[in-house]
Every structure is written in structure tokens, then in C-alpha cells.
Amino acid sequence: MRKRFASLFILAFFSCTPLPEVIGRLFDVYVLTNYSEMIKDTLSLILEEEILTPQPEKIFRLRYRPLSQFAVYAQFPNLLLIGAPFDTIIRDFLGEKREIVAKETFAFFTIKEEKKGKKLHQFFIFVAADKEKLCRGLIRYKDRIRYSLEEEIKERIFSLTYTRGENEKIKERLETNYHFSLKVPKGFQLSEKYAAGNFLYLFTHYPDRSIFIYWSDGEKELNPFDLITLRDSLTYLYYDGDYVARKYTTYQETKFFGLPAIKIQGVWQNDKEIIGGPFISYAFNYKGKFYLLDGTLFNPGKRKLNNLFQLSVILLTFQPEGGEKN
């Protein structure tokens, strides 16, 4: 199991560089608006949800600044402008979109700055026809706003995760022996000792992170409670008795390869070793096979969302045989 993988050899040659502490700043959302007092409570409900990891951590931390400071924060990641069509900075960016706001009352869009076809920076703008409608519009667009900011963070974490490159040997071995692929960052090591049970895992340290891939012939019903039970049965065998703390675990329907999938996120525990931490899983069916992908983290006393996002980014590079990302 990941907690007992450490050896001087592994630590010297297979330790994967963790995300630097500075990455935490990427979870700061700079909200430029002249209506902070009006929208604070609503925006906090949308973006400052606490995730149990096991200690609660907020996905986003909101930092409010007036629109007049746009020039100062223009190059910051996770920049969100909120206002009405008559606000100076908002008006400058609206252009023809003013007609959309007039017709639809609300608009949310992305401004992308590019040079020679390469994206340099982007930020987001939410506009309501008048300031009194801002809170109602933010609630209506909450899923889109949150999704956009999460994708922005994932893109940056992806870049940091693969800065040192990929482990091409592991990727080739997965493709040759198991007919699926994963973009494996350098520093991860592959264990195949449970391959006979259709269970592989990869691991690294500082902090301890592990990824497992489980597959079976025949499709399974994507029932989250059954999937958690399945995960428990696998980690009991292969992860020294880990199990899911159900009251600290949530699930949601999502997509993998454009197909129905279940995302499970929560807390694992191990009573024997008296330890625990966060995990994230994706379960889906593809061409007559079932797949369960899982990332776990053990990083006591430190912030965990950074590296939990990293595990999710890695899992989402998985491709089954013949699979193509949509």
C-alpha cells in the first residue's frame, strides 16, 4: 500500500515532485466588482463550498477588488468580473454582447487573449441587465461559473504536473499488456503484483499519492452505493483494509468519454494504521467493460485539495482500448 512503499531507492529515484505551495494561489478567485457587499453571500454559497479532506477545505477563496483595479489584476489567474452594462470596464468588453444582455437579462462569457494562436490568458465576465438582478443571475449561472473556474485550475495543474514530462515506459507497458493508457507523470512507479485480479496501482511520495485502475468484463450498474462497496472490497484486499467513510463522501453524475459516469469524492480510513485522507474515483462502462479509476492521498497536517485536483487531472487522461477523448 502507498503508506508502506517507501524505501531509499524509491525515494531517491521515484519521488514525484508535489505541486508547489504557490499553486494554492491558483485557488484564489479575484472578483472584480463594484457590488461586493450585495453579492458576497450569494457568491460564497456558489464558490466557497467546503470539501472534507478530511478537514474541511474551501475549493475557492474569494478576493474582492473594485473594477477600477482591473489593470492591476488583469494577468491574475481565476479573474472574474461581475457587474452591469453601464460599468466602465464591463462596458468596454461587452461590445455586441450588450444586445444579449438586453435580451436575456444575464450573460456569462470568457475573454481569451491569444498571440499567434497560442492562449496567453483568459478571464470571465458575468453581467446582469441591472445590479439588482446580479444575485438572481449568479444563482442561475452557478454551475457554469463554477465549472469554468474549475477547468481553469485543472489546466494549470495539468501543466505543472507534467512539467518534468511523462513516464513513457509505464505508458507503453499499460498499452501493450492491458490495452489502455494513462499519462503517467515522471516520478510514479507501477505495481503489477495484483494484475491477476485486474487491479493495478501507481504510487509516489512527498506527499504519498496512489492511483489504482480496476476493470472487469461486462458492464455494471452505476449505482454509487454499490460502487463504494466495490471500492471497499478492493481496498480491503489490496490497500491493507482501507474503507470509505460514507458520511464524509459524496457522489455526482458526470461524463467520461461522453458516456454516463459516476464521480465519487470523499474520505478513506484505515483503522489498523489509524490514518486516513481524501480520495476521488470515476466509474464508467465502455464497450462492454467496466472501469473504476481511483486516486488517494495521504498528507497529514497539510492542505490536500491541491494534490487531490492533481490526482483527478491524471485520472482524466485515462483511455481504454479504442477510446478517444471527446
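How many helices and strands are there in the protein? The model is predicted, and the protein has 10 helices and 16 strands. The close-ups below start from the whole chain and move on to its sheet, strands and rings.

**Figure 1. Overview of the predicted model.**
The protein has 326 residues, and buried residues make up 53% of them.

**Figure 2. An open sheet of seven strands.**
The strand order is β9-β10-β11-β15-β14-β13-β12, and the pairing is antiparallel. Strands β9 (189–191) and β12 (243–256) are the edges, each pairing on one side only. From one strand to the next, the twist averages 20°. Strands β14 (residues 275–286) and β15 pair over eight bridges, in the antiparallel sense. Within this pair, phenylalanine 279 has threonine 296 of β15 as its bridge partner.

**Figure 3. Two helices against the sheet, α8 and α9.**
Helix α8 (residues 168–178) lies across β9, β10 and β11. The angle between α8 and β9 is about 25°. Helix α9 (residues 224–238) also packs on the sheet. Its contacts are with β10, β11, β12, β13 (259–270), β14 and β15. The direction of α9 makes about 120° with that of β12.

**Figure 4. Strand β11 and its two partners, β10 and β15.**
Strand β11 spans residues 208–217 and is mostly covered. Nine of its 10 residues are buried. To β10 (residues 199–204), β11 is joined by six bridges, and the two run antiparallel. Here tyrosine 201 stands opposite phenylalanine 212. The hairpin of β10 and β11 has three residues between the strands. In this hairpin, tyrosine 206 takes a positive phi near 55°. With β15 (residues 289–298), β11 pairs over 10 bridges, again antiparallel. Arginine 209 stands opposite leucine 297 of β15.

**Figure 5. Strand β5, enclosed on both faces.**
Strand β5 covers residues 79–83. Five of its five residues are buried, so the strand is largely enclosed by the rest of the structure. Leu79, Leu81 and Gly83 point one way from β5. Leu80 and Ile82 point the other way, and all of these residues are buried. Strand β1 (residues 28–33) runs parallel to β5 and is joined to it by four bridges. Tyrosine 30 stands opposite leucine 79 in β5.

**Figure 6. Phenylalanine 123 with two ring partners, phenylalanine 70 and phenylalanine 93.**
The whole structure holds 33 aromatic pairs. In one of them, phenylalanine 70 and phenylalanine 123 have ring centres 5.4 Å apart and planes at 65°, so the pair is edge-to-face. Phenylalanine 70 lies in helix α3 (residues 70–73) and phenylalanine 123 in strand β7 (residues 118–128), so the pair ties together parts that are 53 residues apart in sequence. Both phenylalanine 70 and phenylalanine 123 are buried.
The rings of phenylalanine 93 and phenylalanine 123 have centres 5.3 Å apart and planes at 75°, so this pair is edge-to-face too. Phenylalanine 93 belongs to helix α4 (residues 88–94) and phenylalanine 123 to β7, so the pair ties together parts that are 30 residues apart in sequence. Is phenylalanine 93 buried or partly exposed? With a relative accessible area of 26%, phenylalanine 93 is partly exposed. Phenylalanine 123, at 0% relative accessibility, counts as buried.

**Figure 7. One aromatic cluster.**
Which residues form the cluster? They are Tyr178, Phe180, Trp215, Phe256, Tyr282, Phe284, Tyr291 and Phe318.

**Figure 8. Charged ends over phenylalanine rings, at lysine 220 and arginine 231.**
Lysine 220 places its charged end over the ring of phenylalanine 290, 5.7 Å from the ring centre. The charged end of arginine 231 sits over the ring of phenylalanine 279. There the distance to the ring centre is 4.1 Å. Phenylalanine 279 is also the bridge partner of threonine 296 in β15.

Terms used. Residues are numbered from 1 along each chain as its sequence is written. This is a predicted model: local features need pLDDT of at least 70, side-chain atom pairs count only at pLDDT 80 or more; totals for chains, interfaces and linings use all residues. Side-chain values use heavy atoms; hydrogens and water are left out. Buried means under 20% relative accessible area, exposed over 50%, partly exposed in between (1.4 Å probe, protein chains only). Two strands pair if DSSP finds at least two bridges between them. Rings of Phe, Tyr and Trp (its six-membered ring) pair if their centres lie within 6.5 Å; planes under 30 degrees apart count as stacked, over 60 as edge-to-face and the rest as tilted. A charge sits over a ring if NZ of Lys or CZ of Arg is within 6 Å of the ring centre and within 35 degrees of the ring normal. Axes are lines fitted to C-alpha atoms, for helices over the stretch in contact, and angles run from 0 to 180 degrees between N-to-C directions. Contact means heavy atoms within 4.5 Å.
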